[in-house]
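Biologist: I have some quick things to ask about this one. Can we go through them with the structure open?

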Amino acid sequence: MTGVRQIGRTLAIGGMVVLILLSTLAVVLWLNCRVAARELLVGWLDQRGIAAEVEVERLEISGFVGRVRIGDPGDPDVTVQRVEVNYALGLPWSPGGLGLTPERIRLIRPVVRARWQNGQVSLGALDPLIEEFSGRPPRPDSRGPVVIVETARVRLETDYGPVSILGDARIDDGRLMSLAARMPAGSLRSGQAEARGLGGALDLTTTGDRIAVAVDLTAARLSTRGLLAEGGRLSGTMDLPYPDLKARRGDGRATMDLRLAGDQLALGGVRTTGAVLTLAGDGEISGWLETFAFRGPAAIRLRAASLRTGDLALAGVELGSPGLDLAGSRAGVEARGPVTARLDRAVFDTLSLQDSSGRLALDLVSTRATALILTGSAAVPRGAWPLFGDVAADDVPELAGMKRALGAFALDVPAFRLTSGEAGVTLALTAPAQLIPANGGVLRLNPVATPLYAAGPGERGGGALALTATRGQGLPEATFAVPDWRLTAGGFQARLDGRAALDFGLARGLTVTTRGVLATDSGRLTYTPGSCLRFAAERLELEENDVMDLSGGLCSAGGPLVVSQNGRWRAGGQLEDVAATAPFLAMGFAGIEGAVAVTGSPAGLGLEARIDTADVQDATRPRRFNPLTASGSASLVDERWSGAFDLARKAFALGRLTLAHDGRTGTGGMSIDAPSLVFAEGGLQPADLSPMAADFVQSPAAGSAAFAGRIEWSEALPEGGTSSGRLVIPGLDFVSPAGAVKGLSGTIDFTNLAPLTTAPAQTLRVATLESIAPLTDLDLTFALDKAAITVAGGEIKAAGGTVRVEPFSVPLDRRPFSGVIVLDEVQLGELIVGAGFGDRVALDAVVSGRLPFTSDPDAGVRITAGTLFATRPGRLSIQREALDDLEAGGGGAVPPGTVEDLAYQAMENLAFDVLTAEVNSLDEGRVGVLFHIKGRHDPPQRQELRLTLPELISREFLNRPLPLPSDTGIDLTLDTTLNLNQLVSDLLAVNRARNGEFDGEQP
């Protein structure tokens, strides 16, 4: 602007110089002849180093007509094709003295050549005269002529190229009354600065002390370093006070109505199209060119069809104010007042905001460090941020709801503060903002100490905030801190730390706790956790086969945990300490380690899982099996699940579990195959597999078994589906509480695996039970349901007879139960020998009877009202050392030693015809047996008792041993007790000894 002002000032002074020359020429011509006058004027100019030529066409007393050329004849600086001068003649006695006073000067087609180089303006040959006359003050008592300039042309040479200015003007008494200047479109260029199609028009009209200005300037293209403008146009009108040239001031009221438009504008990284700025002001101006200032209210409106900077694109931008308080000068600009804003559309990466509006308060001081302060509110009725793509037909409902929430929401920012200055740009929320999805819920953006956004000069910037969300169809319940987020070349990245609760896909009641980095880059969304993401879900919804109480960790495998792009997403990583329960299998899972990848696309949901290890636990009580370990893989493709897992106990492989499920039909199943379970001493044992076997099948066990099971489900089946299985035992040897079992074999068919239930009348056979007597050919018929094991009856050959168990049930919850053991023609003598009493007791008694019993986990086994009877005559022999505290009656006044001796003889050789026994349990694990025996004394050698009369009288026979006569009748009641607990312990110790095991130190 300084250069333009200098050009105008120089041209004005040059015009005055031309007028003075013409006036001088007129006086000379009138006083002298043409030739003499021309030579005088040319000589006067020549003295000042100015080459000139004057041609006088007509000379009259009141004026003349001529032609003027100044400068090099071959390339003059000024030429006036026709000069018409009207003047008044001053006589010697007039106040002004002798001379001429120009009254009207008309310049037709004047041509002025000027130069503007290095910021300085030069009119060539006229520069000395301009310098001479610019130092003279004007005469206060003189009046200037009327000057009319028609079809003038200024040829201005600049550093950027030539410029041509055409115009007409009228000057009256030194006041510019009118000016119509036009600049034909031209091109300028210097270095990186270039202007094409630069031109326009400027019209000035002076009325009284006011000057009206109309401007219309255009530029097809302007470019310089960092700036590019195309299709620019400045137009408008101004009504200004006429400047006081003497005082060099231009104070007064000023109105303006200006319009600046551009088809395209690029400044730095900002590009706009269809930009229009209108300004209607009414205020006061003061100062001169160097100190010009304006102050007053102004209505401003800025519109732009589009604006783009980086990845941010705006459309339909409109800013306006009905009355800004403006103040401007060469030093700077100030503006304060209300501003309204509207924005048709804003797009950043995949974020889109439509029909945005705002009510703002503007505080602009260009000379202040923080030049711009903008406060107010904003509202966006329609927003979309499709981070997960568009809704697809195959989306799970929660994903579809999340996509709809991100695809249609409103944004309400009730209060914010925007500043811009030397330190950069800062945007801070001064009240919480709300994002409200159309399908429900509220996402609240809460301000924190760090601004929402801040960027230094040349930076993309970022900020911080806190997020809280209430549950909606597409929003989780969530609380997240965002201590740092940054714009990047392709989007943004943000550090998150918080918790969310939601339903998603198969997961119901899902909670997630995580800390990591969320980022977008050219439409690609990623989330990378800083540590393992912790999750818990109430259930995985699989129709009738829900998985419950899922929890654990999901860790990054060296890359993002979640990736979403172009409507497709993938979430996956390493599984850490995952646990779950599967009620439909009655199983629990813990310590799951492995990897999982879940994908989503228009084709549907997909999953690939690798399980390196998992603990499989029985969820039923009592437990069917002991904890196992599993490893394998599972997948979901096109709504079809499949998987296979190898099962093991400790280091022993057991079998395989195979899973298949069709989500479209709800049909599926799981098979369990353990084709070869091999039991060996020091290896796998039945008690390792099932606690049910631990009480009955003790180590060491040797043999084999095989199991195959199947669980099936479908909509047509009852709730929980169906299951079945078969356990085959070719042969198994083990130790039971009753003794060593040899050759256990049989097949058990299960009609339900959860709870474990068998078909009726399952049978197992035992070849031999090595108990107190060899027991053979035991057949056990039983059934198992969810409540108890029901024994239909069992029979075993023992001691020449049969031991049978009547049907009874054993509750699985360890409640007491009862039953009856029936003995039929059992030789008690063999049982006594087997029990270890054969060296003291010899019994030949075949008995039958019933032993009712109850079993309590706390009190043990108790026999109540058991009865036994001999089915045939037999014999009993009990050694004297086996009998303690023997009491016998029926001897009268006989010395105790004699009676005891006769009783011992009766017990050592007793042949009975009747033997009965009452069996009842006593305290402390003891069993009381009350025998009633009727028989006779039957020693191997017949015995008689012979006494003399004197012996009878003197009773001397009582002092010697007396033989009990053969066939002496005996009616014996024998009350004895057995410590059953000790007896069982002894039997187990014997069995362990048989297998090479010893209690305590070996002898």
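**Backbone and cavities**

Modeller: E825 is part of strand 48, residues 817-827, where strands are DSSP runs of E of at least two residues, numbered from the N terminus. The model is predicted, so local features need pLDDT of at least 70, side-chain atom pairs count only at pLDDT 80 or more, and totals for chains, interfaces and linings use all residues. Residues are numbered from 1 along each chain as its sequence is written, and side-chain values use heavy atoms, with hydrogens and water left out.

Biologist: What is the phi of E825?

Modeller: The phi of E825 is positive, about 55°, although E825 is not a glycine.

Biologist: And which strand holds D577?

Modeller: D577 sits in strand 32, residues 568-582. D577 also has a positive phi, near 50°, and is not a glycine.

Biologist: Why does D577 count as partly exposed?

Modeller: Because its relative accessibility is 46%; buried means under 20% relative accessible area, exposed over 50%, and partly exposed in between, with a 1.4 Å probe and protein chains only.

Biologist: Other topic. How many cavities of 30 Å³ or more are there?

Modeller: Two. A cavity is a set of points, on a 1 Å grid over the protein atoms alone, where a 1.4 Å probe fits but cannot get out; lining residues have an atom within 4 Å of a point.

Biologist: What lines the second largest cavity?

Modeller: Its lining includes D394, D395, W569 and G600. Strand 33 (587-601) and strand 34 (604-618) each give two or more residues to that lining.

Definitions and conventions: Helices (H or I, at least four residues) and strands (E, at least two) are DSSP runs, numbered from the N terminus. On a 1 Å grid over the protein atoms alone, a cavity is a set of points where a 1.4 Å probe fits but cannot get out, and a pocket is an open set with protein on both sides within 12 Å along at least five of seven lines; lining residues have an atom within 4 Å of a point. Grid points are joined across faces, edges and corners, and a volume is the space filled by probe spheres set on the points.
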